Amino acid sequence: MTRPGSTGAPLQVSNLEGKGPKGQRKRPALLGAQPLGLLFSAPYVLYVLGVLAFPLGYAVYISLHQFYFTAPGVQVDRPFVGLDNYVTVLSDPQVQRSFINIGIFLVINVPLTVGLSLVLANALNRVQKLRTFFRVSYYVPYVTASVAVVGVWLFLFQQNGLVNSLLGPLAPSPSWLVNSWLAMPTVALYVTWKQLGFFILLYLAALQNIPDELYESASVDGGNKWIQFWNITVPGVRSASVLVTLLATITGANLFTEPYLLTGGGGPDGASASPVFLMYQKGILQGNPDVAAALGVVLVIGVLLVTLIQKRLVGGKED
Amino acid sequence: MKRGKNHARILSIAAMAVLGTTLAACGGGGATGTGGAGSATTAKGPIKIWYSNNAAEVKWGKDMVAAWNSAHPDEQIDGQEIPAGKSSEEVIGAAITAGNAPCLVFNTSPAAVPQFQKQGGLVPLDSFPDGAQYIKDRTGDLADQYKSSDGKTYQLPWKSNPVVLFYNKDLFKKAGLDSENPKLSTQSEVLDTARSLVKSGAVQTAIWPSPSSDFYQPWFDFYPFYAASSQGSQLVKDGKSTFNDDQGKQVATMFQTLYKEKLASAEAYQGDSFAEGKSAMALAGPWAIAAYKDKVNWGAVPVPGPQKQDKSYTFSDAKNVAMYSACKNQGTAWDVMKFATSQDEDGKLLTETGQMPMRKNLTTTYSDYFAKNPAYTQFADQASRTVEVPNVSNSVQIWQTFRDAWSKSVIFGNQSIDDAFKGASDKIDQLAGQK
Amino acid sequence: MALDNVPRTAAGEPAQAKQNEASVEKRAHLGVGSFILLALGAFVFLFPFYYMFIGSLQTSPDTSVAGAFPNPANLTPENYANINGSINLLTGLANSGIFTGGVILGTVVFGILVGYALAQMQFRGRGVVFGMLLLVQMVPFQLLLIPLYVMIVRDYGLADNYLGMILPFAINSTAVFVFRQYFLQLPSTLFEAARIDGASELRILWQIAIPLVRPAIVTAILLTFIGPWNEFLWPFLVTKDAAMQPLAVSLANYISNVAATAANPFGAILAGACVLAAPAVALFIFFQRQFISTNIGSSVKG
């Protein structure tokens, strides 16, 4: 699929065709047809190098040494230990459990997010009455800080909270957030609710791009709403689905605040500990940034692998 | 475009990681020495201090600073509340790393001292000529628990909040129990009392220690009872864990029964359950009295052991004063430390906050106060028999290991106490042994 | 597909919106059943906020079902007064504003530059820059947190400083992504023509490209707003001085430490939460229309 305006060249291949910027004669474009682009990109590149690359490299460096932070001016031994920290981290049952927890989270959250946000976006796209009210009500959770909203959820889901009062005898015991089986799913439910607004937005935009003629011809052919949905809408927003899946996965894998606030740390017996929470615990609370950095690097590699696989699966032959 | 994007993506990750690692290896771990610690010990001048953010302590802190400042115009103190976090360790640790820690922190947790010391963030108080002597004179033998493994003292034992067992007299009365001389003198009596409380319907939860997994929670459920049972044994002694014995396991079993019979809740309460009348007993120190004042008709007994004891031990919940190496004017800082822990200031601390200064002979030194406030006498008496957290390396990780084992076996019943304690004990021995 | 649009001037935006409205007329109406479901969903989504608001006005917490309905006997604005007494709400809001404003400024100024460069300029290394854009999304902030902290606070000495707060968030990569995608939608012929005419790149950007992607800018600003406004961990680490802390940090501190001593701790926490949420919600309601621009559709292609 070609896009108007896209040149299709991904890598640093200079454009040897066409004229130079000021209509001059062709010259070997060493830096490309518009080398000013380098200047335009420079602030961003510097920013990424400074704020991302350097700390990332530093984190990798830390993970390969026996390392802890000291007051400025204090000299200590920081021997190179190769992959020792990685071995420590990966053989820690708590860490293994945290990866399983994130797996549970993603299995619940990602499909739910993709499905719900598409369905809701579809509905929000068609609704006429109270359109602004509905749209805003779905964004509001996304816009507010977890720190603030978590309090309400805790209030609602605690043992004597509203949810259990409503459920009466059906209420799970132990209650939601202290139940090893239900803790992570409850967190997943919370995060889905909270993030849905953003993904609805992405889908809403993608939906605008599906030409109405397709729907009209489908209804003329006798297709009902369901058939239209599956055969026109879903394929039509394919690339949005890819993006939603990727973003939801990345956000989910790097989850920290929500399980931390909702389940007071690692949850019942570590059932809702996330890898990033363990990084925080080991790195900041216990003063072992070397192990924490190793865990972080493993997480980044894991996320990279998962997203590459997802792109292949969901993206299909697109693009 | 997809393949191109992936290539570009992978290429740039690799490029950045390599570039960053090289940069970091060259420049990172940056230790450009700034020696001259010797001169700092005698330097005088303005200093910065942090005190706790507990309302009563803030008032004490401000008054203390004002009193010093008016007498020392050239050595002004700039005081502020400690920037709060869930635990002070993160904040102070971060400040040490950044090199902007204040001179004194009047809220240093003994459990964090080994870590700060390892970071090179603390000034040993023995480097002052009267350092060791002053501490010994003021606190007595109890001060030995605060020495670090290298024999030096990096903290000044300041105040303690001996943990006792509070109970709600009204709820006890409602349950038909004796509220003036409650049956709480042995651990099995505690269990029976808890059962009666819940069975009578007076309250849903007999006692509600926080079930969260933070590393410091054992200090308010396991540790006080263990101190009482073991007559003052720390969690780790001489590099070996001590709790994997009958006494430790007995305490654990008592709590396990409480959780199993739903006399205690596995879910955290958002607020103070005892102050709001949702639980009938609580493990807390005298600082809590201010919070309970108009809300609960409280009584307090010493934490019981397995048998009746006359003079029992408990956890100190001490907070100390430490001097941080980022301090330029350590001479002044030391003087301020002595001023803030003088008999006068200690007296003010006692009066205004109700917390016990870690000073010998409290009851005789401040006899007036205790005459006026007899309820506090038991705390003063208890303050002479307190157990501190062990001053060993990896202290925070040790307590976290213990807490995880406790959660698994006692609170959630997913493992037997024997297995959990054994596993924790082995791990802790290993951690305590590291340098 | 639908977007072979002739570039429009700034006045073209409403034209597109009108076209959108017309399409809606043509689309099948939402069935009653679906409408009810949508309403139900909206109720579920809004309920916690309603509860938050009601809870912040209660004198004493009421967790029963009846408590969900405002009970006149149990209402008081005291919780707001309480929390304002402990943390200065206005200072917190001001700090949040400065922090967020700085991030938005950095993102808009530098993000547009690089977004445009990636979309409509040919230069060596373009792919690498784009790769960086993707990578930034993938790395968890917590991994970089400690090294970043050491770098900014120790090496650069930017503790308790607005710049220190802003720096790690200075250019929001998602916003850059959005900018790039919007710029890609514009036909390159337009720019080639302008270049042939001798216009400088900066002029092309300023006078042609930017006016055509105004919805993108609004979208990006709104998206960029949420991050720093609600960010807690980084400003918490970087600021020790209570007068510099953004509201999210003061609120979190309050929740952890002081709330327990208030008359109605839960109500006080919810009051603070309402104050933090209010500006963000207001902003979204206000700019809601701009947010649902049709052109954002292209931002999601790949």
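Predicted model: local features only at pLDDT ≥ 70, side-chain atom pairs only at ≥ 80, totals over all residues.
Two residues count as in contact here when their C-beta atoms, placed from the backbone, lie within 7 Å.

Chain B has its own helix H8, covering residues 187-199. Its 13 residues should span 18 Å at 1.5 Å a residue, and the end C-alpha atoms, 19 Å apart, agree with that. Buried in H8(B) are B:Gln187, B:Val190, B:Thr193, B:Ala194, B:Leu197 and B:Val198. These sit on the same side of the helix, because they cover an arc of only 125 degrees around the axis. What do they pack against? The partners, again in chain B, are helices H7 (169-174), H9 (222-230) and H10 (246-260), along with strands S6 (205-207) and S9 (279-284). Just after H8(B) comes B:Gly201, with a positive phi of about 85 degrees.

Positive phi also turns up in chain B at residues other than glycine. B:Asp238, with phi of about 55 degrees, lies in the loop between strands S7 (236-237) and S8 (240-241). This residue is exposed, since 9 other C-beta atoms lie within 10 Å. B:Lys262 has phi near 60 degrees and is found in the loop between H10 and S9 of chain B. With 14 C-beta neighbours inside 10 Å, B:Lys262 counts as partly exposed.

Definitions and conventions:
Residues numbered from 1 in each chain as written. Chains lettered and ligands numbered in written order. Helix = DSSP H or I, 4+ residues; strand = E, 2+ residues; numbered from the N terminus. Expected span 1.5 Å × (residues − 1). Buried ≥ 20, exposed ≤ 12 C-beta atoms within 10 Å, placed from the backbone. Arc of directions from axis to C-beta.
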